[in-house]
Amino acid sequence: GEAAMGRVLMLGLALLLALEGIAAFSPPLQLTSFVGIQHASCLRTRVPHTAGCRRLSMQAQPAGKLDAAIKDVKERPAVAGGDAAALLVFAAIGRANHGSDDGSVLLTALPFALSWFLLAPVLGAYKPARTLNQAVTGILPAWAISVPLGCVLRGAINGRMPAAPFWVVALVATGVLLGGWRAAHFQALTVSQTVNEFTEAILEDDD
């Protein structure tokens, strides 16, 4: 009974942490399609500046932001795959250091992957980066919230909260792995774009 109650409390804490993180870095999500339909109707009638239409526009914008977040992930599958791989590497290193034989790398990484892919798209971690600095710093809000949430989820699954050093190690390790991956991916894209532009320039000169 006490163990079950403890898990319920930890799951409640995890949900609260996720909601607070989303509220801190993004506007409230409005998913009501009726609002969107009314907003579109205002635009079609060419009177979008009336008080009612302005109010509907403000309500429709958050839903658009959620759609944009989902679109960002769909348009960058390689980035999402690399993020998942980074979290798997984190889990594999942790299991190797502790000589753990229970479960698997996938199960160890699962709480952190769930929290990451729950929060990262909404918090802007998949928006295209224009500079190397943006590629790394753009993930910071999602990283700062999703990793502690992953620790809480891990505690809920195991029936006990991880020790304080684990939280620190998890933050540092995932920060290095995710940030390193994002930086490497951005550099690879930059090199590829430079090569493509150089090739196109040569072909144009030949013509």
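Author: Reading along the sequence, you get the pattern α-α-α-α-α-α-α-α for the protein chain. Keep in mind that this is a predicted model. The tally for the protein chain is 8 helices and 0 strands. Of its 207 residues, 31% count as buried. Take the contacts between residues at least 6 apart in sequence, and 70% of them join residues at least 24 apart.

Now for the pair itself. Two packed helices are described by the angle between their axes and the distance between the axes. Here the partners are helix α4, residues 77–98, and helix α5, residues 105–119; their axes come within 8 Å and cross at roughly 140 degrees. Angles over 145 degrees would count as roughly antiparallel and 65 to 115 as roughly perpendicular, so α4 ends up oblique to α5. As for handedness, α4 passes α5 in a right-handed crossing.

Who does the touching? On the α4 side, the contact is made by A80, D83, A84, L87, L88, F90, A91, A92 and R95. Facing them from α5 are V105, L106, T108, A109, F112, A113, W116 and F117. Sorted by class, the contact of α4 with α5 has 14 nonpolar, 1 polar and 2 charged residues.

Two of those α5 names turn up again in the largest nonpolar core. That core has 21 residues, and F112, W116, A125 and Y126 touch the most other members. At least two core residues each come from α4, α5, α7 (140–158) and α8 (164–206). The largest share, 6 residues, is supplied by α7.

A125 is worth a stop of its own. Setting aside its neighbours within four places in sequence, A125 is in contact with W116, and also with R76, A120, G138, I139, A142 and R182.

Back in helix α5, have a look at P111. Is P111 buried or exposed? Its relative accessible area is 2%, and buried means under 20%, so P111 is buried. What does P111 touch, not counting residues up to four places away in sequence? The list is G150, L153, R154 and I157, and these numbers fall within the 140–158 stretch of α7.

Conventions:
Residues numbered from 1 in each chain as written. Predicted model: local features only at pLDDT ≥ 70, side-chain atom pairs only at ≥ 80, totals over all residues. Heavy atoms only, no water. Axes fitted to C-alpha atoms, helices over the stretch in contact; angles between N-to-C directions. Helix = DSSP H or I, 4+ residues; strand = E, 2+ residues; numbered from the N terminus. Parallel < 35°, antiparallel > 145°, perpendicular 65-115°, else oblique. Left-handed = near helix turned anticlockwise from the far one by under 90°. Contact = heavy atoms within 4.5 Å. Nonpolar A, V, L, I, M, F, W, Y, C, P; charged D, E, K, R; others polar. Core = buried A, V, L, I, M, F, W, Y, C linked by side-chain atoms within 4.5 Å. Buried < 20%, exposed > 50% of the residue type's maximum accessible area, 1.4 Å probe, protein only.
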